[in-house]
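You asked for comments on the model before it goes further. My notes are set out as numbered points below the structure.

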Amino acid sequence: MKAVPLCNRLAQILLALMIAQLAFASDIRKDQRQSSYQLMTAENQAMQDDPNLNPALFWVLDGHSLWKEEAGNKNVSCASCHGDSGKKMAGVATQFPKVLKGKLQTLEGQINQCRTSQQGASPLNYESKELLALTTFVATQSKGLPIAVQETPQNKKDLQQGRQFFNERMGQLNLSCAQCHQDRAGLKLGGSLIPQGHPTAYPIYRIEWQTMGSLQRRLRNCMSGVRAQQFEYGSQEMAQLELFLMWRARGMPLETPGVRP
């Protein structure tokens with residue numbers, strides 16, 4: 001029997017390990033997905049679950065007020081088209097980001113698009129109290145519904161680019177999103193469990209921030225953490241990464257308004 005050179009044998013072992021690791025990662029994504037809600041303390045879970053304890057309620061109420069407020073040169077409100085209660089928005093947040101008129105659009109981007117085109121009003125700044133309130137109010141109408149982002153011929157290229165952003169190393173620390181939130185999910189970093197990174201509860205009230213924040217704010221925090229150049233708010237790159245993350249979480253229930261440590 002012909003001997004197999006040691007270097008070839010080592011290569012075969014490494015290849016087998018890589019295949020096994022990929023299969024394990026795939027199992028995590030498909031069969032063992034979990035919201036970071038499940039990693040929180042019972043006290044923080046109770047804060048999210050009880051509307052009387054959830055600080056995000058203030059943003060929901062402010063969002064409802066803005067929803068009914070006439071604005072812009074056309075002096076119309078969101079409610080003028082979509083109804084006072086906002087219930088017609090059920091399921092909307094589960095579909096974003098999505099391609100509209102040839103452009104990949106986030107929920108925040110679509111709210112601003114409606115303001116400029118339908119109300120004749122100025123777009124709201126990202127992370128402003130007003131945009132966070134409106135986004136939270138709209139997203140809350142879909143609470144409990146499954147995330148419905150799917151790959152389509154229209155979003156395929158953007159989805160591929162978002163996947164690439166998730167998997168490529170960046171910054172001075174030379175780390176990728178996948179290395180933490182896929183390969184090492186469930187392990188501890190600085191005493192805290194690493195979540196799988198599913199965006200099921202945005203906008204969220206983060207106790208560390210003492211305020212509401214968007215998914216894009218959280219992504220920029222991660223980029224800063226690995227000492228990378230941050231994507232700009234509202235950029236195509238942000239929308240593409242957000243699209244991949246929502247596709248990765250497809251089928252999981254939306255929790256907005258969420259609370260996180």
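Predicted model: local features only at pLDDT ≥ 70, side-chain atom pairs only at ≥ 80, totals over all residues.

1. The chain has 261 residues, of which 42% count as buried. Its secondary structure comes to 10 helices and 7 strands. Among contacts between residues at least 6 apart in sequence, 67% join residues at least 24 apart.

2. Helix H9, buried face. H9 covers residues 215–225, and its buried residues are Leu215, Gln216, Leu219, Arg220 and Met223. Viewed down the axis of H9, these buried residues fall within an arc of 135 degrees, so they line one face of the helix.

3. Helix H9, its two ends. At the start of H9, a side-chain oxygen of Ser214 comes to within 3.3 Å of the backbone nitrogen of Gln216.

4. Positive phi in residues other than glycine. Arg227 has phi near 60 degrees and is found in the loop between H9 and H10. Is Arg227 buried or exposed? Its relative accessibility is 54%, and a residue counts as exposed when the value is over 50%, so Arg227 is exposed. Glu127 also has a positive phi, near 70 degrees. Glu127 is found in the loop between helix H5 (107–119) and helix H6 (129–140).

5. Cis peptide bonds. The bond from Phe96 to Pro97 is cis, with omega near 0 degrees. Pro97 is found in the loop between helix H4 (78–82) and strand E1 (98–100). The bond joining Tyr202 and Pro203 is also cis, with omega about -5 degrees. Pro203 is found in the loop between strand E4 (192–193) and strand E5 (204–206). I would like both bonds mentioned in the text.

6. The cavity. How many cavities of 30 Å³ or more does a search of the whole structure find? The search finds 1, and the volume of the largest cavity is about 180 Å³. It is lined by 15 residues, and the closest to its centre are Leu107, Tyr202, Pro203, Glu242 and Met246. Tyr202 and Pro203 are the two residues joined by one of the cis bonds in point 5. H5, H6 and H10 each supply at least two residues of the lining. By class, the lining divides into 11 nonpolar, 2 polar and 2 charged residues.

7. The largest pocket. About 1,200 Å³ of space lies in the largest pocket. Its lining has 39 residues, with His181, Pro195, Arg206, Arg218 and Cys222 the closest to the centre. Which element gives the largest share of this lining? That element is H9, with 7 residues. Helix H8 (177–181), strand E3 (188–189), E4, E5 and H9 each supply at least two residues. The lining has 23 nonpolar, 11 polar and 5 charged residues.

8. H5 gives the largest share, 7 residues. By class there are 12 nonpolar, 5 polar and 1 charged residues. H5 and H6 each supply at least two residues to the lining of the largest cavity as well.

Technical notes. Residues numbered from 1 in each chain as written. Heavy atoms only, no water. Buried < 20%, exposed > 50% of the residue type's maximum accessible area, 1.4 Å probe, protein only. Helix = DSSP H or I, 4+ residues; strand = E, 2+ residues; numbered from the N terminus. Arc of directions from axis to C-beta. Polar contact = N/O pair within 3.5 Å; in protein donor to acceptor, adjacent residues only side chain to side chain. 1 Å grid on protein atoms, 1.4 Å probe; cavity = no way out; pocket = protein on both sides within 12 Å on 5 of 7 lines; lining within 4 Å. Points joined across faces, edges and corners; volume = space filled by probe spheres on them. Nonpolar A, V, L, I, M, F, W, Y, C, P; charged D, E, K, R; others polar. Contact = heavy atoms within 4.5 Å.
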